[in-house]
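Subject: A structure for you to look at

Hi there,

Here is the structure I said I would pass on to you. Please open it next to this email and follow along as you read.

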Amino acid sequence: GGGGASVGIRFYTGNVPSGPTGAPFGNTSFPMSNVLASSTGNFFFYQFNCVVPVAVPAAGFFASVLLPTQNVGDTAVIASQVSPTANVVWEKFSDNSWHAVTETPASWGAPGNMLIIPKYCFYITTGLSQNLGISENVWVYPNPSTGTIKISTSFMSEEKIEITVTNALGQIVANTKKNASIDLLSLDISDKPNGVYFVTVSSATDKMVTRLIINK
């Protein structure tokens with residue numbers, strides 16, 4: 001589409017096995033020219049800010065990107081995880097029906113995990129403060145978790161980060177170091193008991209701490 005075309009974000013209820021349902025309960029959009037101006041080479045990292053706050057359901061939701069199309073078959077990948085093993089991505093066809101991207105031949109025919117990162121705005125009541133530096137580029141989810149933690153990063157250039165998970169006693173239960181830019185990382189601590197854990201993501205100059213609940 002041209003620079004004046006709109007790129008939108010829409011929010012739907014639903015669950016991973018069956019996909020989004022019903023009409024969107026919130027949306028926002030911006031001109032394509034805004035997105036194109038955010039280019040960092042091969043990637044466009046663009047943050048959609050909802051002028052009117054959207055209240056999302058506690059049971060979960062889908063965030064979708066509405067892209068302008070100029071030619072039949074136009075498509076876009078929004079930063080896909082390398083070799084995903086499970087599908088969490090759905091595609092809306094022109095007849096308004098949703099289809100898992102694993103469908104073949106109708107859709108992509110392979111699992112997908114696209115990087116659309118919701119940012120929650122709420123008062124932190126745990127006594128922990130998040131640094132406004134690295135926390136602008138790192139998201140830890142889901143929370144609560146059954147043991148598999150996802151860490152999404154959106155650094156404009158490669159950063160060396162360290163991810164450390166500690167239990168309520170301060171004991172380290174997992175630790176790894178990664179070179180990350182725009183990535184989706186996974187950390188499996190499903191062998192640990194249910195309870196409260198703390199995920200620390202640190203770079204050379206900054207760090208953030210997220211309180212995480214494991215509930216299997």
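Three strands make up an open sheet, in the order 2-1-3, and their pairing is antiparallel. Strand 2 (19-31) and strand 3 (62-66) stand at the edges; each has a single partner strand, so one side of each is left without a neighbour in the sheet. From one strand to the next, the twist averages 25°. Please keep in mind throughout that this is a predicted model.

You can check the pairing yourself. Strand 1 (residues 6-15) pairs with strand 2 in the antiparallel sense, over 9 bridges. To find one of these positions, go to R10, whose bridge partner in strand 2 is N27. As background, the strands of a sheet pair through backbone hydrogen bonds, and they can do so in a parallel or an antiparallel way.

Now step back to the whole chain. The protein has 1 helix and 10 strands. Which order do these elements follow from the N terminus? They run β-β-α-β-β-β-β-β-β-β-β. The protein has 216 residues, and 31% of them count as buried. Its accessible surface comes to about 12900 Å², with 54% of that belonging to carbon and sulfur atoms. If you take the contacts between residues at least 6 apart in sequence, 57% of them join residues at least 24 apart.

**Aromatic rings**

How many aromatic pairs does the structure hold? There are 3 aromatic pairs. One of them is formed by Y12 and W98: the ring centres are 5.1 Å apart and the planes are at 75°, so the pair is edge-to-face. The cut-off behind that name is an angle over 60 degrees. This pair links distant parts of the chain, with Y12 in strand 1 and W98 in strand 5 (residues 98-100), 86 residues apart. Are these two residues buried or exposed? Both Y12 and W98 are buried. Elsewhere in the list of aromatic residues, F11, F25 and F61 form one cluster.

**The loop between strands 6 and 7**

This loop is worth a slow look. Where is S145? S145 sits in the loop between strand 6 (138-141) and strand 7 (148-167). Its relative accessible area is 2%, so S145 counts as buried, the cut-off being under 20%. Which residues does S145 touch, apart from its neighbours within four places in sequence? Its contacts there are L212, I213, I214 and N215.

Two cis peptide bonds also turn up here. One runs from Y141 to P142, with omega near -10°, and P142 lies in the loop between strand 6 and strand 7. Another cis bond joins N143 and P144, where omega is about 5°. P144 also has its place in the loop between strand 6 and strand 7.

**An asparagine to inspect**

Next, go to N96, in the loop between strand 4 (90-92) and strand 5. N96 is not a glycine, yet it has a positive phi of about 70°. Is N96 buried or exposed? With 56% relative accessibility, N96 counts as exposed, because the cut-off for that word is over 50%.

**Towards the end of the chain**

Finally, look at the last two strands. Strand 9 (residues 195-202) and strand 10 (residues 207-214) form an antiparallel pair over 8 bridges. Together, strand 9 and strand 10 make a hairpin, with 4 residues between them.

The salt bridge count comes to 1. That salt bridge joins the side chains of D191 and K192, with 3.7 Å from N to O. The pair counts because a side-chain nitrogen of Lys or Arg has to be within 4 Å of a carboxyl oxygen of Asp or Glu. How exposed are the two partners? D191 is exposed, at a relative accessible area of 61%, whereas K192 is partly exposed, at 22%.

Enjoy exploring, and write back with any questions!

Best wishes

How values were computed: Residues are numbered from 1 along each chain as its sequence is written. This is a predicted model: local features need pLDDT of at least 70, side-chain atom pairs count only at pLDDT 80 or more; totals for chains, interfaces and linings use all residues. Side-chain values use heavy atoms; hydrogens and water are left out. Buried means under 20% relative accessible area, exposed over 50%, partly exposed in between (1.4 Å probe, protein chains only). Two strands pair if DSSP finds at least two bridges between them. Axes are lines fitted to C-alpha atoms, for helices over the stretch in contact, and angles run from 0 to 180 degrees between N-to-C directions. Contact means heavy atoms within 4.5 Å. Accessible areas come from the Shrake-Rupley method with a 1.4 Å probe; for residues, only the protein chains shown count as cover. Rings of Phe, Tyr and Trp (its six-membered ring) pair if their centres lie within 6.5 Å; planes under 30 degrees apart count as stacked, over 60 as edge-to-face and the rest as tilted.
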